[in-house]
Amino acid sequence: MTDQTALEQEIAAEQRHLDRVYARLAELRRSAVRAEREGYRLARVGNFGALVERDAMVFHAAQRRHVLDAEYEGLVFGRLDLHDRQVLHVGRLGIRDQDAATLVVDWRAPAAAAFYQATPAEPLGVVRRRTIQSSRERVTRIEDDLLDPVAAPDDMTVVGDGALLATLSKATGRGMRDIVATIQREQDEAIRSPGSGVTIVSGGPGTGKTAVALHRAAYLLYSDRRRYAGGGILVVGPSTVFVEYIASVLPSLGEDTATLHSLGTLFPGMRATRTDPPEVAAVKGSLRMRRVLERAARDAVPGGPTELRLLYRGELLRLDRRELDAIRERALHRGARRNEVRRVGFDGVFAALWAQARRLGVPRLPEQRAFEAEIAERPEFREFLKAWWPRLHPRHVLGWLAEADRLRRHAEGILSGREIRLLAEAYRSLDTEGLTIADIALLDELDELLGKPMKPARARRDPYQLAGGVRELSTLGDRQRAAREAARQRPEDYREYAHVVVDESQDVSPMQWRMIGRRGRLASWTVVGDPAQTAWTGDPQELTRARDQALGRRRRHQFTLTTNYRNSAEIFAVAAAEIRRLYPDLPLPTAVRSTGVHPVELAVPATELRTTVAEAAGALLAEVEGTVGVITPVPRRDEVAGWLGGLGGPRLQVVTSLEAKGMEYDGVVLVAPGEIRADPGSGVRTLYVALSRATQRLTTVEPTG
């Protein structure tokens, strides 16, 4: 029997089981549809009890049908062969046949835990673990891990790359046995750690940090749905590219209720994708910016009125800049939020005018309330109040920093002269180029400082109320569905999440930690990252302080991932050599998969860069079946994207070295690595990240001359 024949036979065996699963899935779906129809027929009985029973039947049947439809793709992805010859298939939801025998075990169920936790050191009763890949209803690939060779029957076949790991597990060297023993279990322990407190997962490139974070979100929803679906789970990633990448992962795990945000979209109504140079990002991300913003939030409105002149019963009432500033300062007592004390400022103006009118001896001066009512009716006075103390959006106040003199006044004594110049230069183009990702946290801070304008409460509309006071006839199912929808319709600026997941946490600045922390005051947390990949160039102690404040005093559960699954040993060796420039003794993950294919390093004249990059991308598209990432220095992204046009379609993606964080591609073309390395702040760390994105092929193209 050849290896190919053995593989074909094993795939055929899994296909037969998959056929049974999908046949049963079709039966269950037809049954759910019939139950819906039968539920509606019950209404013909005509009594109240029948209507209630109908509503319950229809609701549960529709819910079941939705689940079955949602989990259709990739339904079965694993198999466990146990010591007692029992076989368990693991998938996205549990399915039994007509005789109640298990066809598929839900991956979150305790019975499936061994699929993630078993290792050659502790097989947990598992002889062979098989990973199954499929497309629609067809098995396309299988890979095995032989976890307990001694217990394996003579007729058991081991196929795929897992056969290599099985060989490694039997190696005589203790070090190699330790490496193989960590595979998958260390991830699963983090995924299933206690729901309360803070779970912190660290690990180098390719160790599966993002997979752990997302599986943990799905696991928490499965284990305590009332708590986590009710309060909500927030997943925060570093960039919109990354969030788009993970947006399909949670639904594929059976969950679609989590809220996904990048650091550039976390503030309501704003979306930023631009990045600042590291030295500017370090200033914007520093906690000292809060003090700068406090000063800005208390300052007079640019271009606002500096004097109030009002003719009242023959006397000129006048408040100059000094008096108006004093009124504003009194209203903005310590801790007061500008939008919330607007009325206090107006009262201060009324009081100052009243006192002045009394001093001047205005004839027939009415009582103070009547005086205020009379003044308030004047259109010119109302226009003055609106211009002097308008309702402010954080974007307005941030825009004030584009005025160099004002920025200097707010930042003096807080930031250095060089830092003020860096900010002034950065904000000079704010109106033309828009916000950067670092600005979003500043908007959130300003929102906290300014507060929300007072608005009258609005009564919630009855969804079944029709015109003319007539109420639409509704079923219990309708009302239950409406109640669930109302629970999901959280405010745009929702801040009561039950759990917060922060991916690539090493790049979160102190000000961004404050922003995320406001949304996780009631939450448990999962925080994943790799300190060696950080792009933060500011004060590390300030960063630690801000993170600890966001996470609070919750109990910490620490996990470290040590095995690099993503990269071949040949690719990771190049990335490791790069980070060793900065950290010679840094513990790095171990890449146990070797392909024998070494990265390709090209050095070409600058005039040939365009042609070479296009050829390299085309070659990788031909060599690998999956995705190809073209990673560029930040300033070159649009230029390189223009070179490639529509090459590769959706299989090819052009991203900057910063956007590449957290991403994974089958093949990577890295453009101008020397330019990435040359950044004095985090260049080497950023290049380390870029070099470790490829799973199969890596080509670097360096321009010379």
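Reply: Let's start with the tyrosines: Tyr494 and Tyr497 are both buried, where buried means under 20% relative accessible area, exposed means over 50% and partly exposed covers the range in between (1.4 Å probe, protein chains only). Bear in mind that this is a predicted model, with local features needing pLDDT of at least 70 and side-chain atom pairs counting only at pLDDT 80 or more, while totals for chains, interfaces and linings use all residues. Numbering runs from 1 along each chain as its sequence is written, and side-chain values use heavy atoms, with hydrogens and water left out.

The structure holds 9 aromatic pairs. Phe381 and Phe384 make one of them, with ring centres 6.4 Å apart and planes at 25°, so this pair is stacked.

Ring pairs tie Phe381 and Phe384 into a cluster with Phe350, Trp388 and Trp389. To qualify, NZ of Lys or CZ of Arg has to be within 6 Å of the ring centre and within 35 degrees of the ring normal. Arg406 does the like with Trp400, lying over its face at 5.3 Å from the ring centre.

Now for some context away from the rings. Glu419 is placed in helix α19 (residues 417-427); helices (H or I, at least four residues) and strands (E, at least two) are DSSP runs, numbered from the N terminus. With 15% relative accessibility, Glu419 counts as buried. Once neighbours within four places in sequence are left aside, Glu419 is in contact with Val283 and Arg288, contact being heavy atoms within 4.5 Å. Val283 is 136 residues away from Glu419 along the chain, yet their C-alpha atoms are separated by 6.7 Å.

There's a sheet worth a glance too. Its 5 strands run in the order β17-β21-β20-β18-β19, open and with parallel pairing; strands pair if DSSP finds at least two bridges between them. The edges belong to β17 (600-605) and β19 (652-656), each with a single partner strand, so one side of each has no neighbour in the sheet. Inside the sheet, β20 (residues 665-671) and β21 (residues 694-704) pair in the parallel sense over 6 bridges, and Tyr665 stands opposite Ala694 in β21.

Zooming all the way out, the protein has 29 helices and 21 strands, and buried residues make up 50% of its 705 residues. Of the contacts with a separation of 6 or more, 74% come from residues 24 or more positions apart.

Technical notes. Rings of Phe, Tyr and Trp (its six-membered ring) pair if their centres lie within 6.5 Å; planes under 30 degrees apart count as stacked, over 60 as edge-to-face and the rest as tilted.
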